[in-house]
Amino acid sequence: MKVLLLLGLVAVALAELTSFEGEKVFRLKPTTDEHVTLIKDLALSMEVDFWSPESAEQVTIDIDVDIHIPASHTSMVYTILNQSDMEHEILIEDLQAQIEAQVESRTVTPRSHSYTKYNSWDKIQAWMSSVSAANSDLISRQVIGKTYEGRPMNVLQIGKKTGSPKPAIFLDCGIHAREWISTAFCQWFVNEAVTTYGSDSQMTSLLNQMDVYVLPVFNIDGYDYTWKSNRMWRKTRSSKSGTSCRGADPNRNFNAGWCTLGTSSNPCSDIYCGSKPESEIEVKNVADFIRKNKSIIKAYITVHSYSQLLLFPYSYSYQLAADHAELMHLAEAATSALTSLYGTQYTPGPGATTIYPAAGGSDDWAYDLGVKYSYTFELRDTGRYGFLLPESQIKPTCEETMLAVKYIATYVQKTL
Ligand code: ARG
Ligand code: ZN
């Protein structure tokens, strides 16, 4: 009886997973205003999931536009594209097949946490307590609040315990649910910190003098939803009266030019700014924590994917940051450290001109609060796999990213 019940539950859980069979990801290369109009019209006439940029409004000439098209519309999109002279290619032939290929067969993956695999929220949560317990000399854990659905948001404070407050770096991953490589990076960072402290001179010196606060999964509800229901979910999971669409974009919900450029006030949009700044509890919890620790936080680093960029303020405005020259210089040096390992090319620059203008982001908010060294990483790749970066790339991606993060951290340490 119990077994039957269990089987029934498993069947229900499986049935609720959205399938992406026959769905495709196209890359379009608009070079004229007509091409841009064509893409915008396409987005109006059918359901288009924008991968890069994140919405039709952000499409301009001379940028690559990666869009995910439902199976029922792929032949129509083919026809339209072939009739136009816009250059285009297919990035992913069958999204469902790609999703299944990304995570090596779930039934045979070990039940335990692994740094070279994508881990579910349950595994990450268990890992946070075990890694903290096993490294109690270096890690302390605190809950900065709960998510909309009630999950605890743990921040790991990593550094030598000196008994007095140290200058710090705040690092978060997983603001956007589907960017799994981001979340993998924060776990990698924690492991590198605890395993190389005492042997790597750069890490040792850093953790002796500073603390790194790591929030491994910012948008936990969304992340869990990408595992259990819809792999392509981006936003939080909050509900709002008057609409059945859920969630807001946490990286449009910070109080920095809120809901102006590159964002939407439509709750169904993937770049919905929310009902007010910090309407999303996860955003409020992080903002409260950073405000409270403002005097010690010297750098803010947030990790996204994909595009291979190292961005800094501003994104809500085309105006250059007061510290533009220094931020650019440091970003160039950090990206060349990254590239030195495997040759992965990164582009550094201010958000608005390097990717697209988009207001309400955490990097701009932290910078305007007074955290001068504020950076957004957009990790691998440049679109071949997009959000579905294979597990075989977790290790090289994290290794190279460590070089850039350590470069920035060491620079900041030297300015103290
Ligand atoms: N892809 C990121 C996003 O759309 C870029 C973030 C850059 N920073 C920003 N404040 N928009 O959220
Ligand atoms: Zn993102």
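The protein holds 13 helices and 12 strands, where helices (H or I, at least four residues) and strands (E, at least two) are DSSP runs numbered from the N terminus. This is a predicted model, in which local features need pLDDT of at least 70 and side-chain atom pairs count only at pLDDT 80 or more, while totals for chains, interfaces and linings use all residues. Residues are numbered from 1 along each chain as its sequence is written, and chains are lettered from A and ligands numbered from 1 in the order in which they are written.

Let's start with overall size. The C-alpha atoms fill a box of roughly 65 × 65 × 45 Å, taken along the principal axes. A compact globule of 416 residues would have a radius of gyration near 22 Å, and the protein's 21 Å agrees with that. That radius is taken over C-alpha atoms, and the globule rule is 2.2 Å times the number of residues to the power 0.38.

Now for the sheets. Eight strands make up an open sheet, ordered E5-E6-E8-E7-E9-E12-E10-E11, with mixed pairing. Strand E5 (139–146) and strand E11 (347–350) stand at the edges with a single partner strand each, so one side of each has no neighbour in the sheet. From one strand to the next, the twist averages 20°. Two strands count as paired if DSSP finds at least two bridges between them. Within this sheet, E7 and E9 run parallel, and Cys173 stands opposite Val303 in E9.

The other open sheet has four strands in the order E2-E3-E1-E4, and here the pairing is antiparallel. Its edges are strand E2 (49–52) and strand E4 (87–92), each with a single partner strand, so one side of each is left without a neighbour. The twist here averages 30° from one strand to the next.

| Strand pair | Residues given | Sense | Bridges |
|---|---|---|---|
| E7 and E9 | E7 168–173, E9 297–305 | parallel | six bridges |
| E2 and E3 | E3 65–69 | antiparallel | three bridges |

Helix H12 lies across E9, strand E10 (309–312) and E12, running at about 170° to E12. Contact means C-beta atoms, placed from the backbone, within 7 Å; axes are lines fitted to C-alpha atoms, for helices over the stretch in contact, and angles run from 0 to 180 degrees between N-to-C directions.

H12 (362–369) turns up again around ligand 1: this helix and strand E12 (373–379) each supply at least two residues of the shell. Which residues come nearest to the ligand? Of the 13 around ligand 1, they are Asn251, Ser315, Gly351, Ala358 and Gly361. A residue is near if its C-beta atom, placed from the backbone, lies within 6 Å. The shell divides into three nonpolar, six polar and four charged residues.

Pro313 and Tyr314 are joined by a cis peptide bond with omega about 0°, and Tyr314 lies in the loop between E10 and helix H10 (324–342). The bond from Arg380 to Asp381 is also cis, with omega near 0°; Asp381 is in the loop between E12 and helix H13 (394–415). Glu278 is not a glycine, yet has a positive phi of about 60°. You'll find Glu278 in the loop between helix H8 (220–228) and helix H9 (281–292).

Methods
Ala, Val, Leu, Ile, Met, Phe, Trp, Tyr, Cys and Pro count as nonpolar, Asp, Glu, Lys and Arg as charged, and the others, Gly among them, as polar. Two residues are in contact if their C-beta atoms, placed from the backbone, lie within 7 Å.
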